[in-house]
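Welcome, and please bring up the model in your viewer.

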Amino acid sequence: MNIENTKAQMRKGILEFAILNIIENDDECYASEIIDRLKRSNLLVVEGTLYPLLTRLKNDGYLNYQWVESKSGPPRKYYKLTRTGQKFLDELQKTWNELVDAVSLTTKKTK
């Protein structure tokens, strides 16, 4: 397996977690903002990946959205975490912390 494939799989595995955190931190945001934040964090994602993921998260009850008129173009769909989504994110955060600790322990160099 080549390194680029492995790196892509690692990023894909944390994408949902990152997206939910962005929405929580902004209280609500639209897809272009999410893409911009992911790009600034070096988690590159394209709209073709993001929209199906947002739809799945909404269908699973983790997100709601509302259409808001824009002064500079068409209306925008703003996403917000539901209570269920907040609980889901809290569990993901707990799991993330456990994984970070475990990986840190296993990758620590001993002399």
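Start by selecting R56 and E16, whose side chains meet in a salt bridge at 2.3 Å, N to O. The term salt bridge here stands for a side-chain nitrogen of Lys or Arg within 4 Å of a carboxyl oxygen of Asp or Glu. R56 lies in helix 3 (residues 47–59) and E16 in helix 1, so the pair ties together parts that are 40 residues apart in sequence. Helices (H or I, at least four residues) and strands (E, at least two) are DSSP runs, numbered from the N terminus.

Now show the surface around the two partners. R56 is partly exposed, at a relative accessible area of 37%, while E16 counts as buried at 17%. The cut-offs are under 20% relative accessible area for buried, over 50% for exposed and partly exposed in between, with a 1.4 Å probe and protein chains only.

A word on what you have open: this is a predicted model, in which local features need pLDDT of at least 70 and side-chain atom pairs count only at pLDDT 80 or more, while totals for chains, interfaces and linings use all residues. Residues are numbered from 1 along each chain as its sequence is written, and side-chain values use heavy atoms, with hydrogens and water left out.

Next, select R37 and D26, another salt bridge, at 2.9 Å from N to O. Because R37 lies in helix 2 (residues 31–40) and D26 in helix 1, this pair ties together parts that are 11 residues apart in sequence. R37 is partly exposed at 23% relative accessibility, and D26 is partly exposed at 32%.

Then go to E4 and K7, whose side chains form a salt bridge at 3.4 Å, N to O. What separates E4 and K7 along helix 1? They are three residues apart in helix 1 (residues 3–26), which means about one helical turn. E4 is partly exposed, with 48% relative accessible area, and K7 is partly exposed too, at 32%. By the salt-bridge rule, the count comes to five.

**Where helix 1 meets helix 2**

Color helix 1 and helix 2 separately. They pack at an angle of about 115°, with their axes 10 Å apart. Axes are lines fitted to C-alpha atoms, for helices over the stretch in contact, and angles run from 0 to 180 degrees between N-to-C directions. Show the side chains of L15, A18, I19, I22, I23, N25 and D26 in helix 1, which meet I34, R37 and L38 in helix 2. Contact means heavy atoms within 4.5 Å.

Select C29, found in strand 1 (residues 29–30). Is C29 buried or exposed? At 0% relative accessibility, C29 counts as buried. Leaving aside neighbours within four places in sequence, C29 is in contact with I22, I23, I34, K77, Y78 and Y79.

Move to D27, in the loop between helix 1 and strand 1. D27 has a positive phi of about 70° although it is not a glycine, and it is partly exposed at 45% relative accessible area. N42, in the loop between helix 2 and helix 3, also has a positive phi, near 65°, in a residue other than glycine. N42 is exposed, with a relative accessible area of 58%.

**The last stop, and the whole view**

Select V100, in helix 4 (residues 83–107), which counts as partly exposed at 33% relative accessibility.

Zoom out to finish. The protein has four helices and three strands, and from the N terminus on the elements run α-β-α-α-β-β-α. Its C-alpha atoms fill a box of roughly 60 × 30 × 20 Å, taken along the principal axes. Buried residues make up 27% of the 111 residues. Among contacts between residues at least 6 apart in sequence, 48% join residues at least 24 apart.
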